[in-house]
Number of protein chains: 2
Amino acid sequence: MTFIEKLSAAWAAHDSLLCVGLDPDISKFPPHLQGQPDAIFIFCKAIIDATADTACAFKPQIAYFAAIQAEDQLEALCSYIRVNYPQLPVILDAKRGDIGATAAQYAREAFERYGADAVTVNPYMGSDSIAPYLEWPDRGTIVLCRTSNPGGSDLQFLNANGRPLYQHVAQLVAEKWNTNGQCALVVGATFPNELAAVRTIVGAMPLLVPGIGAQGGDVAATVAAGKTADGCGMMINSSRAILYAGQGEDFAAAARTVALATRDAINRCR
Amino acid sequence: MTFIEKLSAAWAAHDSLLCVGLDPDISKFPPHLQGQPDAIFIFCKAIIDATADTACAFKPQIAYFAAIQAEDQLEALCSYIRVNYPQLPVILDAKRGDIGATAAQYAREAFERYGADAVTVNPYMGSDSIAPYLEWPDRGTIVLCRTSNPGGSDLQFLNANGRPLYQHVAQLVAEKWNTNGQCALVVGATFPNELAAVRTIVGAMPLLVPGIGAQGGDVAATVAAGKTADGCGMMINSSRAILYAGQGEDFAAAARTVALATRDAINRCR
């Protein structure tokens, strides 16, 4: 089963477009977890168990693990999801970008070491920096297109030959890089008009959409702009708003409440 | 001492613009090292000891370590350089790029965990994806501008408001992001005309220049296009041509021979 097939099955099985982002910042953990050696694993495992049936995917952000030598806990979490929730794809949020020989190593990191179903990558270095990921036929390659942060406009919104750079990226991916149907795009929820423009360019290609929740993107506008004809086509990510919904020993229950509410808010607009 | 000061001192002390790239691919190691559990450390340590006096910097490429769970060996190598060759800056080649909160974690990874003097970053996500690195005042932030790979032209050479995208990046870095003199740029040796264009835009800002050696860039054209008025201003990187110069037990001596020849070839053109 390919990444796109697995994702499509998860959309249907869980009736959800919600992607739960795992950005574990220990300083924001409930007090009773602080200081435990495997606090990240304990915290994220609880979040995963509490939210799996509300989600279509999990997206661990590797920087939070790499900063503190916790790659072993990331491996354990990816394995935990694979064993216990095999219907849910794991998206490694790594935003890698490098020349071919090095990109091949990053692909091994994501797909072999962590066993991820998909990885996020940066398009700035062009086609041969993306090709090594595409050599893994059952995995997904999710290319940054229009990001949700304020500085995203610095380059992505530059007018290149009559239209903004991010639209060139969308077209490159749709017409050249997505030869085997393995690609998806990152398009932030903070710009619904641009989300709609990308949807027009890429047809039914899945979009990973960060920026709702803590970053303030509007759910109704996001869904209206980005959904496909069948009301799917998106992994709408929320990380901090879910992870840190509660600060007590019941943090996982609080996370579940927010995840359910987010899933339902999305579904009301589909 | 800041990264730029340390680099400038190394240029002078070693009379060298050569940056030795550490891209340790075990499958290319000499047979007698294959199968050893810490083969990467042994190999890279030998390369470092054999080439340190020929170089102005070392540049480990993190993907080669991350693909095979060898972050501990990367930590050990960075520490080894810091202790034994404190005059030589360590550039962590990671090409990270993410939003602010996540970029702060990547900055910790590079500067705190690995103790790197500088890190390579990707500009696609714009100013707030760069700012967290700049908060480390004594470290360097080396921004991808014009990369040496064939696909680099896909986006970097797009005409945006009358000039190619990579020149916008050079100007953004020179005029907006380099407020404290911490920045450098990556510009490939495979495009001397573009190297010259970047040099004109950024003044004396240091340039990290990959693409000579295995990638085929011409040394004389590179130095002529990229040097500053004082004959410095560049870290000219060579990785594979040095690392894999020999395949026997004397691989480090073979690497030294190539490193010396590369340094001298560069110096003849300064």
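Let me start with a term we will need: a crossover is right-handed if, with the strands pointing away from the viewer, the path from the first strand over the helix to the second runs clockwise. Keep that picture in mind, and remember as we go that this is a predicted model.

Here is a case of it in chain A. Strand E3, helix H5 and strand E4 of chain A make a right-handed β-α-β unit. The two strands of that unit, E3(A), residues 91-96, and E4(A), run parallel and are joined by three bridges. If you want a pair to look for on the screen, Ile91(A) has Ala118(A) in E4(A) as its bridge partner.

Now stay with E4(A) and look to its other partner. E4(A) also pairs with strand E5, residues 140-146 of chain A, in the parallel sense and over four bridges. There, Val121(A) stands opposite Val143(A) in E5(A).

Which way do the side chains of E4(A), residues 118-121, point? Ala118(A) and Thr120(A) point one way, Val119(A) and Val121(A) point the other way, and all are buried.

Let's move to chain B and take in the whole sheet. Eight strands form an open sheet there, in the order E2-E1-E10-E9-E8-E5-E4-E3, with parallel pairing. Its edge strands are E2 (57-60) and E3 (91-96) of chain B, each of which pairs on one side only. From one strand to the next, the twist averages 30°.

Let me walk you along a few of these pairings. Strand E1 of chain B, residues 18-22, pairs in the parallel sense with strand E10 of chain B, residues 234-238, over three bridges. Val20(B) has Ser238(B) in E10(B) as its bridge partner.

Further along sits strand E5 of chain B. On one pairing, four bridges join E5(B) to strand E4 (residues 118-121) of chain B, running parallel, and Thr120(B) stands opposite Ile142(B). The chain gets from E4(B) to E5(B) through helix H6 (residues 127-134) of chain B, in a right-handed β-α-β crossover. On another pairing, E5(B) is joined by five bridges to strand E8 (residues 183-187) of chain B, again parallel. Arg146(B) stands opposite Val187(B) in that strand.

So far we have looked at the chains one at a time; next, how they go together. The same surface serves both copies, since 100% of the contact residues of chain A recur in chain B.

As for the contact itself, 42 residues of chain A are in contact with 42 residues of chain B. Several elements of chain A each supply at least two residues to the side that touches chain B, among them H3 (63-66), H6 (127-134) and H8 (165-177). The largest share, seven residues, comes from H5(A), the helix of our opening β-α-β unit. By class, this side of chain A has 16 nonpolar, 18 polar and eight charged residues.

One more helix is worth a look. In H10 of chain A, residues 219-226, the residues Thr222(A), Val223(A), Ala225(A) and Gly226(A) are buried. Their cover includes helix H9 (192-202), strand E9 (207-209), strand E10 (234-238) and helix H12 (251-268) of chain A.

I'll finish with two loop residues. Most residues other than glycine have a negative phi. Gln69(A) is not a glycine, yet has a positive phi of about 60°. Gln69(A) lies in the loop between H3 and helix H4 (71-84) of chain A, and is partly exposed, with 13 other C-beta atoms within 10 Å. Asp15(B), also not a glycine, has a positive phi of about 45°. Its place is the loop between helix H1 (3-14) and E1 of chain B, and Asp15(B) is partly exposed too, with 14 other C-beta atoms within 10 Å.

Terms used:
Residues are numbered from 1 along each chain as its sequence is written. Chains are lettered from A and ligands numbered from 1 in the order in which they are written. This is a predicted model: local features need pLDDT of at least 70, side-chain atom pairs count only at pLDDT 80 or more; totals for chains, interfaces and linings use all residues. Two residues are in contact if their C-beta atoms, placed from the backbone, lie within 7 Å. Two strands pair if DSSP finds at least two bridges between them. Axes are lines fitted to C-alpha atoms, for helices over the stretch in contact, and angles run from 0 to 180 degrees between N-to-C directions. Ala, Val, Leu, Ile, Met, Phe, Trp, Tyr, Cys and Pro count as nonpolar, Asp, Glu, Lys and Arg as charged, and the others, Gly among them, as polar. A residue is buried if 20 or more other C-beta atoms lie within 10 Å of its own, exposed if 12 or fewer, and partly exposed in between; C-beta atoms are placed from the backbone.
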